[in-house]
Amino acid sequence: MNYFPEEVLEHVFDFITSHKDRNAVSLVCKTWYQVERESRYGVFIGNCYAINPERLIARFPRVRSLTLKGKPHFADFNLVPHDWGAFVDPWIKALVKGCPDLEELRLKRMVVSDDSLELLSRSFVNFKSLVLVSCDGFSTDGLAAIAANCRYLRELDLQENDVDDRRGHWISCFPETCTSLVSLNFACLKGEISLPALERLVARNPNLRSLRLNHTVPFETLKKILTQASKLVDLGTGCFVHHPKSESYHKLKNAMSKCKSVRSLSGFLDVAPRCLPAVYPICANLTSLNLSYAPGINGNELIKLIRHCKNLRRLWTLDYIGDKGLGVVAATCKELEELRVFPSDPFGPGNAAVTEEGLVAISAGCRKLHSLLYFCQQMTNAGLITVAKNCPNFIRFRLCILDPKKPDPVTMQPLDEGFGAIVQSCKRLRRLSISGMLSDQVFLYIGMYAEQLEMLSIAFAGDSDKGLLYVLNGCKKLRKLEIRDCPFGDMALLMDVDKYEGMRSLWMSSCELTLGGCKTLARKMPMLNVEIIDENSQRESALVDDRQRVEKMYLYRTLVGPRHDAPDFVSTL
Amino acid sequence: MAKMGVGLEITELRLGLPGGGSSCDGGEKKERKRVFSEINGGCNGSSAGGDRNMQAVGWPPVCSYRRKKTIGRGNDQAFRAYVKVSMDGVPFLRKIDIGSRDGYPALLAAFEELFGCFGIGEALEDADSSEYVPIYEDKDGDWMLVGDVPWKIFVESCKRLRIMKRPDTKLTNYNW
């Protein structure tokens, strides 16, 4: 390999796009490391505290696309206090200095400020794409800066962010010269926008392929937009309420039927179900349907809609669909690869929910299914065993039984055997979430069979440290482990400390860890940050004694030591 | 002595985390369950059956964004509020479940279906522009224009509904 000129190497590396592969390439020899780092344009950082921006830029000076993830996953469920960290500001400041060619920034679970957005918008001449997922800390003023200043903006994609909506004019801030938009998603914004400005924006951006509106955009505007956006592939409707006999409705139905290119449909954030037939003409073309934000559509209407969608590959829905509706999905959507069923009323009497019946029906009818997220009222071992037999191709299997620690209602047994069947059958399983009543046995199965498992989420499960040990000893490819409310303690935590260096992170809350155990771990593993989140730190019950139980521990490997922006209630041991 | 025993138990001081103490459902040995619920957006009063599922913080694992938008907001929620609806000139009344609608537009669309009063949706924006004006009687017995207060507050305070035809709105005496 010494006789290959570097230009040739670089050309060859161009074909290697996956992060894992490029990381592997850089380890071969010094020359390859140099060539690779200078030609790397896209960098993915799974934990923003594993590295700091200065070192990143030093290694990859030509980075054009950066993906950063911040808070731990359980932050989504209010288990991480609000100001824990993950601020994007220092990253943006460093990028301004070191990477003027930055074009794309994708952030997940990070805190973003309006000032950061303003700085971003003014500093990168070629900036094209901003994707924010589950972020917070900014307002529509920050969006206005992006709209106004990023002259070649192609993508502004806001997913499930908590945005302070100042009901401003941000959409009006896109200049008349902005004609390069390909993707605009503002479904998560709460406030009204200027409808004429939106219509004009769509009219002058003929390459728009993805457009997701928020709930304040009415029916009439949707019709006007659809006539303008002829290349639309992904549509998220806003408000879908109108009288079905009105002229507006007929105009929309006509406009909709001309949208032959739409493959992905979502939204219906406010919906009058009698208006749904307006979308029937395009249903046969759909490969992706997300109705999980439409609590206004009941089971029967869902079923009617789905009967038209024979080509679905991805379906997200609320559990109004019921077992019966899932039977219809199984009969209709033979190409289905991904299914998510979300709960509508987890604490209610349980009339709008799904059970093992629905899942078994799906597994029998949708043989291509590989990704599942299923919130259900109950599950049986027999059901899971059948699912495992029918669908051996699961890559992601996430089951959440709403009542924690609920056993198999037929046999009153734990669900160990059912999940055991899943891990044994699905040899390609990479992500697993388990729930219901579970003993240490399920972990024995997971450790034994889940060889490709990378991410595992556990709640209210297990009997003893043995459970955690089975997992840590068995799952060689485990990268992310998150545990809550399980009887796992110091003994399991400390049994094989080197393991954590090969993982991105470990979260344990409401388990049996003590301060002393965590301190020991931190001492043995200087390459880890072991953070204790102590919400009582200002009070008398603050953690001082090594024997005290630690409520929340988050550890992650890092190249840059303890972080300097930790709030009072976080201590890095 | 037994009586004394019971009395003493109540005053017994114990160390433990809040919500702990006697074992919870499922034969749980450990004392560390969170038993309070802290769900964003509330459950709309549909707490019936709330003790079936243990309401722990962050359970079920649905992200807070999604929780606010979807949980307890659909057609099958336990909360039902059937109120009478009358329309001027129509000899009999109807009943409508305002608890199952998710907003004013849906409510007025329902009026249009029940009574054929097209255009009533305009009254939301401008009470003068529509031939029909929806009003409701609130808990205090006052007649209010529909649409001024947030939807959830309206649902809680609305006792009955009336659809007035334009000429009548000038009358100050609302006799049934």
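In chain B, 5 strands build an open sheet with mixed pairing, in the order S2-S1-S5-S3-S4. The edge strands are S2 (94–97) and S4 (143–145) of chain B, and each pairs on one side only. From one strand to the next, the twist averages 35 degrees. This is a predicted model. The points below start with that sheet, then turn to helix pairs in chain A and to some backbone details.

**The sheet of chain B**

- Strands of a sheet pair through backbone hydrogen bonds, and the pairing can be parallel or antiparallel.
- Strand S1 (residues 82–87) of chain B runs antiparallel to S2(B), and 4 bridges join the two.
- Two of the residue pairs can be named. B:Tyr82 has B:Asp97 in S2(B) as its bridge partner. B:Val85 has B:Arg94 in S2(B) as its bridge partner.
- S1(B) and S2(B) form a hairpin, with 6 residues between them. In the turn, B:Gly89 has a positive phi of about 90 degrees.
- S1(B) also pairs with S5(B). These two strands run parallel and are joined by 4 bridges.
- In that pairing, B:Met87 stands opposite B:Ile163 in S5(B).
- In a regular strand, side chains alternate between the two faces of the sheet.

**Helix pairs in chain A**

Two packed helices are described by the angle between their axes and the distance between the axes.

*H9 and H10*

- Helix H9 (residues 219–228) and helix H10 (residues 247–257) of chain A pack at an angle of about 30 degrees, with axes 9 Å apart.
- Angles under 35 degrees count as roughly parallel, so H9(A) is roughly parallel to H10(A).
- Their crossing is left-handed.
- H9(A) brings A:Phe219, A:Glu220, A:Leu222, A:Lys223 and A:Leu226 to the contact. H10(A) brings A:Ser248, A:Tyr249, A:Lys251, A:Leu252, A:Ala255 and A:Met256.
- By class, the contact of H9(A) with H10(A) has 7 nonpolar, 1 polar and 3 charged residues.

*H13 and H14*

- Helix H13 (residues 322–332) and helix H14 (residues 356–365) of chain A pack at an angle of about 0 degrees. Their axes are 8 Å apart.
- The angle makes H13(A) roughly parallel to H14(A).
- On the H13(A) side, the contact is made by A:Asp323, A:Leu326, A:Gly327, A:Val329 and A:Ala330. On the H14(A) side are A:Glu357, A:Gly358, A:Leu359, A:Ala361, A:Ile362 and A:Gly365.
- This contact of H13(A) with H14(A) has 6 nonpolar, 3 polar and 2 charged residues.

*H1 and H3*

- Helix H1 (residues 6–13) and helix H3 (residues 30–38) of chain A pack at an angle of about 65 degrees, with their axes 10 Å apart.
- The crossing of H1(A) and H3(A) is right-handed.
- A:Glu6, A:Leu9, A:Glu10 and A:Phe13 of H1(A) meet A:Thr31, A:Trp32, A:Val35 and A:Glu36 of H3(A).
- Sorted by class, the contact of H1(A) with H3(A) has 4 nonpolar, 1 polar and 3 charged residues.

**An annotated stretch of chain A**

- The unreviewed UniProt entry carries the annotation "domain: F-box" for residues 4–45 of chain A.
- Over residues 4–45 of chain A, the chain is 57% helix and 10% strand. The end C-alpha atoms of this stretch are 31 Å apart.

**Backbone details**

- Most residues other than glycine have a negative phi, and most peptide bonds are trans.
- A:Ala86 has a positive phi of about 70 degrees, although it is not a glycine. A:Ala86 is in the loop between strand S2 (65–69) and helix H5 (89–98) of chain A.
- The peptide bond from B:Trp59 to B:Pro60 is cis, with omega near -5 degrees. B:Pro60 is in the loop between helix H1 (2–11) and helix H2 (64–70) of chain B.

Terms used: Residues are numbered from 1 along each chain as its sequence is written. Chains are lettered from A and ligands numbered from 1 in the order in which they are written. This is a predicted model: local features need pLDDT of at least 70, side-chain atom pairs count only at pLDDT 80 or more; totals for chains, interfaces and linings use all residues. Side-chain values use heavy atoms; hydrogens and water are left out. Two strands pair if DSSP finds at least two bridges between them. Axes are lines fitted to C-alpha atoms, for helices over the stretch in contact, and angles run from 0 to 180 degrees between N-to-C directions. Angles under 35 degrees count as roughly parallel, over 145 as roughly antiparallel, 65 to 115 as roughly perpendicular and the rest as oblique. A crossing is left-handed if the near helix is turned anticlockwise from the far one by less than a right angle, and right-handed if clockwise. Contact means heavy atoms within 4.5 Å. Ala, Val, Leu, Ile, Met, Phe, Trp, Tyr, Cys and Pro count as nonpolar, Asp, Glu, Lys and Arg as charged, and the others, Gly among them, as polar. UniProt positions are given in the numbering used here, feature names are shortened, and annotations may be inferred rather than shown by experiment.
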